[in-house]
Each structure stands twice: as structure tokens, then as C-alpha cells.
Amino acid sequence: MLALGSASLFASEGEMTAEGNSAYKAGDYDQALSFYEEALATSPENAQILFNQGTAHYMQQDYASARQKFVEAALKTKDLSLEAKSQYNLGNCAFRESEGKRPDNPEESIKTLEQAIRYYQQALELDPQLADAAHNIEISRLTIKQIMDEIKRQQEEQQQQQKQQQQQEQQKQEQQEKLQELIQKQQELAQESKELNDKTPGGKDPQEQQQKAQQQAEKQEQLKNETEKLSEEMKTQQGQQNPPDPVKDKAQEHLQDAISKQEQAKKDLQKQELSKAQSSQEQAAEDLQKALEETQNKPGSKPSPKENEPEKEEKDDKPAENQQEQQSQPEGQPSEKPQQSEADKPVASGDEDAHNIIDEERENKEERQLTIPGAYKPVDKDW
């Protein structure tokens with residue numbers, strides 16, 4: 001590779017541009033930019049060199065710098081063809097910038113795509129034969145529609161999530177109210193067992209005592225059934241959540257403990273072991289209280305809302321960095337990414353006819369496979 005310092009003393013503007021084009025073809029865009037800068041130092045108004053700088057920046061994915069150079073080239077050139085290509089490449093820069101904005105800010109991505117369309121339209125006004133610009137307008141419009149569909153789907157998903165969350169909150173509130181009701185009933189039953197046990201058996205009819213204990217056992221059985229029903233409702237709701245709610249899992253453990261104590265209390269009452277029954281009932285009430293506290297004091301795990309990043313699907317209508325070059329398709333046939341055009345390549349300074357350059361590229365296009373707009377070989381010219 002030539003040293004820039006000594007070369008700049010003797011080399012002409014054309015030689016520096018040719019060296020820049022060679023470095024560009026070799027993929028050394030930093031070196032290409034250095035040569036172009038040397039050439040521009042002797043000819044600061046040369047629009048073709050500015051255009052070449054823009055293409056090198058573009059290949060480095062420095063779209064802001066590329067834009068600046070293409071704007072300068074468009075303003076300074078008197079060649080309508082070069083101005084059209086500059087506008088076309090400005091559209092490509094805007095398109096690529098929109099891709100970077102799409103995951104986090106799809107609305108801004110749409111605005112940038114609309115700007116790209118305006119650039120492509122200006123390119124077509126200057127050069128109606130620039131079919132790739134018309135193609136890219138269509139691709140940009142399809143991409144805008146795709147993003148708008150994504151935004152709509154995300155909004156619908158968010159609304160559905162909000163609705164589900166509201167339903168879950170309502171269910172949670174109803175469950176808490178039911179738990180409070182169960183706690184109160186269980187405490188009342190424990191108090192009744194205590195009162196029944198505290199009464200002096202001397203003046204009581206044993207048959208009446210047995211009857212009251214049996215009535216207590218029936219109430220306890222009914223309360224246990226209500227607790228089991230609530231437990232099943234919470235399990236069903238838990239099964240519909242993804243990921244599972246660890247808080248509700250813990251509440252379920254307390255509910256199962258309460259149900260076990262309620263069953264034991266029923267058996268104790270049937271045996272007229274009132275003191276044991278009272279103890280089991282009090283423990284059941286404590287377990288129900290713990291279940292209530294789990295649902296009140298700890299926020300449940302909720303499905304995290306999906307981010308704006310769009311689903312990455314392999315779709316034919318989505319521009320991709322590594323797809324087959326679209327120029328290999330017949331003109332006018334729909335394709336799936338911004339059309340790559342001769343407008344993307346660096347041009348050599350001089351009076352070489354732009355139409356000849358395009359014809360040369362058309363002859364050689366099947367020999368090349370490109371990944372992104374702008375990856376075109378520089379024009380070879382014998383300076």
C-alpha cells in the first residue's frame with residue numbers, strides 16, 4: 001500500500017482518487033477515505049470525490065458521515081446523473097438508519113423510512129431511468145406497513161395483557177375476601193368448640209352434648225369444602241399463568257395445611273374430643289391467615305410485557321443484510337430489499353460517461369454477489 005505522505009506531494013488528484021478506488025475494492029475503507037481526502041485537498045469542490053467518500057463511509061456503516069458527503073456531492077455537482085445517485089444513496093442511508101431505530105423506536109423508524117422515500121423520489125425526478133429508486137420506494141412502503149402492523153399487534157398484546165392483569169387483580173381481590181370470610185368462620189367455630197368444652201358436663205344431657213358436637217363437625221366439614229373449592233380455583237388460575245406465581249404456590253401450601261387441620265378438627269368433634277378439635281380449628285385459622293398474608297404482602301409474578309423489538313422472522317419482504325443480490329432478478333420483478341444500484345458505487349473523477357459505467361456494471365452484475373446497497377466496485381479508469 002502506498003504511503004500517503006509522499007504520494008500527496010507528487011500524485012495528481014486523479015491518481016489519488018484511483019488509489020482510493022483500489023483501496024475501496026480491497027475493502028480497506030479507512031485507506032480509501034485517506035486517499036479521497038488527499039484528492040479532495042487539491043480539489044475541494046469535486047463532487048465525485050465527495051460522493052466516493054460517502055460510499056466509503058456507507059460501507060463502514062457510518063451513515064451520518066455518508067449522508068453529509070452525499071448531501072455535499074448533490075449540492076456541488078452540475079451532473080444530474082451524479083446528483084440523482086447522491087439522492088439515491090441518501091435514501092439508502094436513511095433506510096439503513098431506520099433499521100437501527102426499528103427495535104426500540106418503531107415510530108421514529110417509520111419517519112426515517114418516509115424520509116428515505118422522499119430521497120428516492122428526488123432521485124427519480126432527476127433520473128427517471130433509475131429503476132432501482134422506484135423499487136426501493138416500494139420496499140420502503142412495504143416496510144412501513146410491516147412496522148405499522150407490528151405496532152398494532154404490540155398494542156393489541158398490551159391491551160390483552162392489561163385486561164388479563166385486571167382480571168387477575170379482580171380474582172385476587174375476590175380470593176382475599178373469601179379467605180377473610182373463611183378465617184372468620186373458622187375462628188367462630190373454634191370459639192364454639194371452646195364454649196362447648198367449657199360448660200360443666202354435670203348438668204348437661206350427654207345426648208345433647210353429642211348432638212351439638214355432631215352439628216359442629218358438620219359445620220367444620222362444610223367449611224373444609226369451601227376451603228378446598230377456593231384452593232382449586234387458585235390452582236386453576238395458577239395453571240393459566242406463565243411463569244408460575246411463587247407467591248400463590250406458597251399460599252397453596254398454607255391452604256393445604258388448613259384443609260388438613262380442618263379434617264382433623266372434624267374427626268375430633270365426631271369423637272367429642274372438644275379440646276383437640278379447638279386446637280386444630282385454631283391452627284387451621286392461623287394457616288388461612290398465612291395464606292391471606294401471602295396474597296396481600298408479596299406481589300405476584302406477572303408475565304413481563306413483550307418489548308418493542310419486533311419478532312425476528314425470516315420473511316421474504318424483510319430487508320436482510322446477507323440476502324442474495326437483488327439485481328440478479330429481472331427488472332420490474334418484485335424483490336425483498338432495497339435494490340442495489342450502480343448509484344451506490346464510487347465514481348472516478350474525469351469525463352467518463354455515466355451510462356457507460358452503468359452498462360459495464362450491468363454486464364458484470366451476475367459475477368458479483370453483494371450483501372448491502374453500496375457494495376459496488378469502483379470505476380476503473382486509467383489516469
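Predicted model: local features only at pLDDT ≥ 70, side-chain atom pairs only at ≥ 80, totals over all residues.
## Helices 7 and 8

Helix 7 contributes Pro106, Glu107, Ser109, Ile110, Leu113, Glu114, Ile117, Tyr120, Gln121, Ala123 and Leu124 to the contact. On the side of helix 8, the residues are Ala133, Ala134, Asn136, Ile137, Ser140, Arg141, Thr143, Ile144, Ile147, Met148 and Ile151. By class, the contact of helix 7 with helix 8 comprises 14 nonpolar, 5 polar and 3 charged residues.

## Helices 9 and 11

Helix 9 (residues 206–239) packs against helix 11 (residues 274–297) at an angle of about 20°, and their axes are 13 Å apart. This angle makes helix 9 roughly parallel to helix 11, since the class covers angles under 35 degrees. Helix 9 passes helix 11 in a left-handed crossing.

From helix 9, the residues Gln209, Ala213, Gln220, Thr227 and Met234 meet Leu274, Gln281, Leu288 and Thr295 of helix 11. The contact of helix 9 with helix 11 has 4 nonpolar and 5 polar residues, and no charged ones.

In soluble globular proteins, nonpolar side chains tend to be buried together. The largest nonpolar core of the model holds 41 residues, and Tyr24 and Tyr120 have the most contacts inside it. Two or more residues of this core come from each of helix 2 (13–25), helix 3 (29–42), helix 4 (47–59), helix 5 (63–76), helix 6 (80–101), helix 7 and helix 8.

## Positive phi in two loops

Gln61 is not a glycine, yet its phi is positive, at about 65°. The residue lies in the loop between helix 4 and helix 5. With a relative accessibility of 53%, Gln61 counts as exposed, because the cut-off for that class is over 50%.

Gln272, also a residue other than glycine, has a positive phi near 60°. Its position is in the loop between helix 10 (246–270) and helix 11. The relative accessible area of Gln272 is 33%, so the residue is partly exposed.

Note on methods
Residues numbered from 1 in each chain as written. Heavy atoms only, no water. Axes fitted to C-alpha atoms, helices over the stretch in contact; angles between N-to-C directions. Helix = DSSP H or I, 4+ residues; strand = E, 2+ residues; numbered from the N terminus. Parallel < 35°, antiparallel > 145°, perpendicular 65-115°, else oblique. Left-handed = near helix turned anticlockwise from the far one by under 90°. Contact = heavy atoms within 4.5 Å. Nonpolar A, V, L, I, M, F, W, Y, C, P; charged D, E, K, R; others polar. Core = buried A, V, L, I, M, F, W, Y, C linked by side-chain atoms within 4.5 Å. Buried < 20%, exposed > 50% of the residue type's maximum accessible area, 1.4 Å probe, protein only.
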